[in-house]
Amino acid sequence: MDELRAVLLGRMKAAFDSVEEGADPVLRPSERADFQANGVLPLAKRLGRNPSEVASQIIVAAELDDVCERVEVSGRGFINLTISERFIAGQLSEQATDERLGVPMASDPEVLVVDYSHPNVAKEMHVGHLRSTIIGDALCRMLGFAGHTVVRENHIGDWGTPFGMLIEHLLDIGEEKAVHELSVGDLDTFYRQAHVSFDDDEQFRERSRHRVVLLQSGDPETLRLWRVLVERSVRYFDDVYSKLGVLLTDDDIVGESFYNDILSDVVRDLEAIGLLVESEGARCVFPLGFTNRDGDPLPLIVQKSDQGFGYAATDLAAIRDRVGRLGAKCIVYVVGAPQAQHLEMCFAVARMAGWLPEPVKAVHVAFGNVLGADRKMLRSRSGVPVKLVDLLDEAVQRADAAVTGRDPSLAHDERDRVAQMLGVGAVKYADLSTERTRDYTFDWDRMLAFEGNTGPYLQYAHARIRSIFRRGNLSAPSSYPTPNLAEPAERALGLALLGFAGAIEATLEQWSPSRLCSYLFELATAFTTFYETCPVLKAPPDVLPSRVLLCELTGRVLERGLDLLGIQAPDQM
RNA sequence: GCCCUCGUAGCUCAGCGGAUAGAGCGCCGGCCUCCGGAGCCGGGUGCGCAGGUUCGAGUCCUGCCGGGGGCGCCA
């Protein structure tokens, strides 16, 4: 199905081509009409011609009679386009019968690897993991919906020197107690105590170092203890993921340890290519364009002076594996902004080594911090980072309080379910709706508000639609009429509905779920205006089916849109 | 010191080189015999500063100011 914007763009492009091959129409939404083409001015400038004359020529060439009811040149050469009601209505009929709601499948489906969440074994998940996990989740959902093959990879921290300390601590408190602590999700205590011992006890430090050696040399008992830590932690992560409602499963876990066996190959191959340089005892690659504070070349340390492998080695191995074994055409890293330089260096080295050959892309989807009311990194009263589970539990609790009493007809278990959807949805939406590169301030009252650009507002709009269907004893129509858009609110809602595909496209282009959030908010706003001015159940018989269609379609777009963000939409709330 | 990033209304945030820079919250004023008032309509002072590129700059470039981050063996 041809989406409205795509049709317009096609016509305009052809018309611009007829004046100058390849000229960009610069088609944009307009406040003065439905769309405007801004490309005339630069084109006329290049050709040294009169803008309004060029505009007229383009309008004739575009042949928009079946799409637009009004096409006019205004200002110094803008082309304003007003879509005809008939065309909008026709597009809506198509969208309504389309299971994909007008969203086209990608014309060039690719294999994409998305690296996100990556918690550390035996370490608490905090709000820092929240952003990576839900932004990554939303992107995976949208990429999949767009028809791409998405490989989710959860690169958990399951290897490295801290494991000497963690295993020794496990032995000190006893395996049974350790398993218990990890099982009930008390990872903070476990990790902190291990660290305290490491800091205070020279003997413990010595044992830890020795344990690292045992681990790396494959000592069976040490490996068994290591597995206990990993398995227990993974179970805990699963609990959090299930609370959060994200797609990640155990099958997506590709931890750092997965690459152990090929790290030496990475180093060997870098050496064979001649990229490896020994510096201060470490084996490094110096990619061009990176300097340290003295202006000297900055190394990517692949193998440390103690012969251990740095995380750069693991990251390089992962790139090679993802391109080579998985056939990735694009690798997406949903990782905090501070790692920008490290990732760029890894990408640069991988390119030099030929492990990231030209058409293959590597993208850093960076994000900012979650701040508390004091504008600093969100922390609990005691000053430690907030546990993700605590955050989610509180969200559900607050949502439950908000729902209680609002709708007495809800049964208790149903209310619990709704509180779950609202609370978790509110947290996710608050995060996703902020442009990801910015820091954002965490504020319970705002994110759980039922007004404004919030999760609950969108869920509410959806629930109202369902309510109409319940009250009117309506079911989803089996065939769709051509909608009547005589009322301005009907027309505006219709146009908003047709923007769904474009919103998803923009989101993926910029790897920024906030684009889809903005769209859904606009759609919900357009719906509420429609809802206020256009009665549905009490509508005259000739427009009733049309309004039912608009409601039904809006409900589906909202539900699908929220779903692509990883947010559930209850039928009542 | 160098590099990255952010700076938009009282607050929280949108703005893909285009016309008079938009929402939400809060504040003020309207609207309901009406499908869920958790609503709708109206009301406004703002792009950190200074240059530059452009027919046109919140958007691109340079410098400065301010917040955050990074800058060799933690991941």
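Helix α20 (residues 514-533) holds both Phe527 and Phe530, which sit three residues apart, about one turn of the helix. Helices here are DSSP runs (H or I, at least four residues), numbered from the N terminus. The model is a predicted one, in which local features need pLDDT of at least 70 and side-chain atom pairs count only at pLDDT 80 or more, while totals for chains, interfaces and linings use all residues. Residues are numbered from 1 along each chain as its sequence is written, chains are lettered from A and ligands numbered from 1 in the order in which they are written, and side-chain values use heavy atoms, with hydrogens and water left out.

A pair of aromatic rings is described by the distance of the centres and the angle of the planes. Rings of Phe, Tyr and Trp (its six-membered ring) pair if their centres lie within 6.5 Å; planes under 30 degrees apart count as stacked, over 60 as edge-to-face and the rest as tilted. By this rule there are nine aromatic pairs. One of them is tilted: Phe527 and Phe530, at 5.8 Å centre to centre and with 45° between the planes.

Another helix pair is worth a look. The axes of helix α4 (residues 85-97) and helix α21 (residues 544-564) come within 10 Å and cross at roughly 55°. The two helices are therefore oblique to each other (angles under 35 degrees count as roughly parallel, over 145 as roughly antiparallel, 65 to 115 as roughly perpendicular and the rest as oblique). In the contact (heavy atoms within 4.5 Å), Leu92, Gln95 and Ala96 of α4 meet Leu549, Leu550, Leu553, Arg556 and Val557 of α21.

Conventions
Axes fitted to C-alpha atoms, helices over the stretch in contact; angles between N-to-C directions.
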